[in-house]
Amino acid sequence: MVEVTVTPQSSLADRPVRVMVRGLSPSQLVTLRASLRDEQGEHFQARAFFRADGAGEVDPGRQAALGGSYTGVWPMGLFWFLQPDTLFRRLVKRDVAGSPFLVRLEVFDGQQLLVNPQHQPLASCEAERWYTAPGVQRVPIREGRVRGALYLPP
């Protein structure tokens with residue numbers, strides 16, 4: 001049974017996570033895809049093609065992506081190379097304290113350039129990427145023409 005995991009499942013957006021795929025056939029070619037919807041409903045995604053090792057595992061932290069959104073060894077590549085489906089959109093988090101970005105990770109058999117609704121993933125999971133730690137207090141700043149926010153630790 002194929003399984004994709006992200007560890008830790010919930011983390012701050014600037015902290016590294018480990019993505020692992022297990023249960024593949026040795027040397028199986030797969031597509032790993034990360035996707036999310038931002039607060040305005042825009043869809044962002046990144047994909048990378050990997051060949052499973054002899055144990056049937058894919059670890060983007062030690063194996064090179066063969067193509068897709070990036071090539072080479074990039075442990076956080078699926079998160080760093082997220083691109084919008086609509087041109088000229090930027091991935092911006094407005095509500096930094098209230099909710100995380102939910103990043104869906106999916107693994108597909110073979111090399112999938114475009115994922116159609118009929119393509120079912122072999123496995124999937126979700127990662128929470130938070131922009132503030134629990135207990136952090138946000139204080140809005142408005143002084144003359146200066147606007148900003150002060151973040152105070154717990």
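1. Strands are DSSP runs of E, at least two residues long, and helices are runs of H or I, at least four, all numbered from the N terminus. A149 is found in strand 11 by that rule. This is a predicted model: local features need pLDDT of at least 70, side-chain atom pairs count only at pLDDT 80 or more, and totals for chains, interfaces and linings use all residues. Residues are numbered from 1 along each chain as its sequence is written, and side-chain values use heavy atoms, with hydrogens and water left out.

2. A149 again. Its relative accessible area is 33%, which counts as partly exposed. The classes are: buried under 20%, exposed over 50%, partly exposed in between (1.4 Å probe, protein chains only). A149 touches R138, V139, P140 and I141, leaving out residues up to four places away in sequence; a contact is heavy atoms within 4.5 Å. From A149 to Q137 the C-alpha distance is 9.9 Å, at a separation of 12 residues in sequence.

3. I141, V146, L150 and L152 make a nonpolar patch of about 290 Å². Patch residues have over 30% relative accessible area and no salt bridge; nonpolar side chains (Val, Leu, Ile, Met, Phe, Trp, Tyr) are joined within 5 Å, like charges within 9 Å. A salt bridge here is a side-chain nitrogen of Lys or Arg within 4 Å of a carboxyl oxygen of Asp or Glu. Areas come from the Shrake-Rupley method with a 1.4 Å probe; for residues, only the protein chains shown count as cover. Strand 11 (residues 146-152) gives the most to this patch, 3 residues. L152 lies in strand 11 and is partly exposed at 32%.

4. The largest nonpolar core has 30 residues, and V6, V21, F50, F79, L105 and V107 have the most contacts inside it. Such a core is a set of buried Ala, Val, Leu, Ile, Met, Phe, Trp, Tyr and Cys residues joined through side-chain atoms within 4.5 Å. Elements giving two or more residues include strand 1 (3-7), strand 3 (18-22), helix 1 (77-80) and strand 8 (101-109). In soluble globular proteins, nonpolar side chains tend to be buried together.

5. Which residues does V21 contact beyond its neighbours within four places in sequence? They are V2, E3, V4, L32, G56, E57, V58 and V107. V107 also has a bridge partner in strand 9, A123.

6. Strand 9 pairs on two sides of the description. Strand 8 and strand 9 are antiparallel over 7 bridges. Strand 2 and strand 9 run parallel, joined by 3 bridges; pairing requires at least two DSSP bridges between the strands. S11 stands opposite R129 of strand 9. The covered face of strand 9 holds A123, C125, A127 and R129, and the uncovered face S124, E126, E128 and W130.

7. Backbone points to check. Most residues other than glycine have a negative phi, and most peptide bonds are trans. T7 and P8 are joined by a cis peptide bond, with omega about -10°. P8 is in the loop between strand 1 and strand 2 (10-12).

8. Two positive phi values belong here. S27, not a glycine, has phi of about 65°. S27 is in the loop between strand 3 and strand 4 and is partly exposed at 43%. F88 has a positive phi near 70°. F88 is in the loop between strand 7 (83-84) and strand 8, and counts as exposed at 82%.
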